[in-house]
Amino acid sequence: MRKSRPPDEKTEQVLKPLRGGGYVSGEAASASLGITRAAFWKRIETLRRKGFIIESRKGRGYRLVSAPELSAEELRGLVNGSFARQIHFHKQVDSTNDLAMELAEAGSPHGTVVVADSQRKGRGRLGRRWVSPPGANVYMSVILRPTLPLRDAPLLTLLCAVACARAVGKHTGLDVRIKWPNDIQVGGRKLGGILVEMRSEPDKVLYAVAGIVINVNMRSRSLPPQLRQTATSVLEEAGVRHRRTPIVAAILNEMQRLLKRESKEAILGLWRQCSTTIGRMVSITEGDETYTGKALDIDENGRLIVRLKDGKRRKFSSGDLIMLREG
Ligand code: BTN
């Protein structure tokens, strides 16, 4: 397995007292952390090398001026509960999902997160390539070890979609919606997506990896021509750049809350509230067949119920969906 080092927890601890924004005396901070002043200074230097701007003034101490736009150290402090105890942060990987699957296979716990600035071989649904340029978007994968019967596994994709829509919506003020099954959209354009992969036994999920992309500061014009009309980003929609770490944290906190506190029915209800698909005329391609009809609802397993043109109902567990113009 490729080497992946979780961030040094002690370095993260040094950030804690600095988060308040004021000056912190090196002496008091090192004493409260139970380390020597030399060790404290060494960790300040490590943070600086990672892009944290930390001012130091004689007689006053240290002050955090700014943090890099995406960092494991800041993320750690923004996520509550048991998630993100292990964060594997990389400048570039082949695919965060591949790395998370390897880590899960090797026993990494529920809530382990893999975040990358870019991917060489990002994967989308149906085996498609996912173009993953650096410096712009969120590419992350979360290891989940839920107690879940295999028949309910599609719910994980719905739960992640709800978490992304709610977290990104709250954080940016955008009206973020879900197109069945896993497209995160704003104004009918794709802002992100979800790819859940898993290992299971005949009756239960052993572990799942929830791969998530959110286009944050990407310009659509940087995309291949065929994607320019259909993709968007937070920057394109909100008109301002957003830092990625707080967006990653908001998604992780929302995922955790939904997994812990919400029933299956509640998740389905929240998904319906965010959905752009229910009530619309759609065309779905499943294998070689394309079906047209009205999307009526999702069932208790997350399958889309469609009334086809001949009046028959059909349930879809996967497929490529296009929303048709009404009228
Ligand atoms: C889709 O097809 O809509 C889902 C795209 C999912 C892409 C993400 S990026 C992070 C994670 N790593 C991958 O290789 N894929 C997922």
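**Reading the features one by one**

A: The lining of the largest cavity is made up of 7 nonpolar residues, 2 polar residues and no charged ones, where Ala, Val, Leu, Ile, Met, Phe, Trp, Tyr, Cys and Pro count as nonpolar, Asp, Glu, Lys and Arg as charged, and the others, Gly among them, as polar. Bear in mind that this is a predicted model, in which local features need pLDDT of at least 70 and side-chain atom pairs count only at pLDDT 80 or more, whereas totals for chains, interfaces and linings use all residues. Residues are numbered from 1 along each chain as its sequence is written, and side-chain values use heavy atoms, with hydrogens and water left out.

Q: What volume does the largest cavity have, and which residues line the largest cavity?

A: On a 1 Å grid over the protein atoms alone, a cavity is a set of points where a 1.4 Å probe fits but cannot get out, while a pocket is an open set with protein on both sides within 12 Å along at least five of seven lines; lining residues have an atom within 4 Å of a point. Grid points are joined across faces, edges and corners, and a volume is the space filled by probe spheres set on the points. Here there is 1 cavity of 30 Å³ or more, and the largest cavity has a volume of about 40 Å³. Its lining consists of Leu70, Ser71, Ala72, Leu75, Ile87, Phe89, Val115, Thr245 and Val248, and the elements that give two or more residues to this lining are α4 (72–78), β3 (87–93) and α9 (244–261). Such element names refer to DSSP runs, helices being H or I of at least four residues and strands E of at least two, numbered from the N terminus.

Q: How many residues line the largest pocket, and which lie nearest its centre?

A: The largest pocket, with a volume of about 1,100 Å³, is lined by 45 residues, and those nearest its centre are Arg128, Trp130, Asp183, Lys190 and Leu227. Two or more lining residues come from each of several elements, including α5 (96–105), β5 (138–144) and β9 (205–214), while β8 gives the most, with 5 residues. By class, this lining has 18 nonpolar, 18 polar and 9 charged residues.

Q: Which residues have the most contacts inside the largest nonpolar core?

A: A nonpolar core is a set of buried Ala, Val, Leu, Ile, Met, Phe, Trp, Tyr and Cys residues joined through side-chain atoms within 4.5 Å, and buried means under 20% relative accessible area, exposed over 50%, and partly exposed in between (1.4 Å probe, protein chains only). The largest nonpolar core has 65 residues, and Met140, Ile214, Ile251, Leu252 and Met255 have the most contacts inside it. Helix α6 (residues 154–172) gives the most to this core, with 12 residues. Another core lies apart from it and has 14 residues, including Leu15, Ala39, Leu47 and Tyr62. As for Leu252, its contacts (heavy atoms within 4.5 Å), leaving aside neighbours within four places in sequence, are Leu75, Val79, Phe83, Ala84, Val113, Met140 and Val142.

Q: How many aromatic pairs does a search of the whole structure find?

A: A pair of aromatic rings is described by the distance of the centres and the angle of the planes. Rings of Phe, Tyr and Trp (its six-membered ring) pair if their centres lie within 6.5 Å, and planes under 30 degrees apart count as stacked, over 60 as edge-to-face and the rest as tilted. The search finds 2 aromatic pairs. Phe40 and Tyr62 are edge-to-face, at 5.4 Å centre to centre and with 65° between the planes; Phe40 belongs to helix α3 (residues 37–49) and Tyr62 to strand β2 (residues 61–66), 22 residues apart, and both residues are buried. The ring centres of Tyr291 and Phe316 are 5.3 Å apart and their planes stand at 65°, so this pair too is edge-to-face. Since Tyr291 lies in strand β11 (residues 289–298) and Phe316 in strand β13 (residues 313–316), the pair ties together parts that are 25 residues apart in sequence. Tyr291 is buried at 17% relative accessible area, and Phe316 is buried at 0%.

Q: Where is Ala84 placed, and is Ala84 buried or exposed?

A: For such backbone details, read the angle together with the location and the accessibility. Ala84 has a positive phi of about 60° although it is not a glycine; Ala84 sits in the loop between α4 and β3 and is buried, with a relative accessible area of 0%. Leu126, also not a glycine, has a positive phi near 55°, but Leu126 lies in the loop between β4 (113–119) and β5 and is exposed, with a relative accessible area of 53%. The peptide bond from Trp180 to Pro181 is cis, with omega near -5°, and Pro181 is found in the loop between β6 (176–179) and β7.
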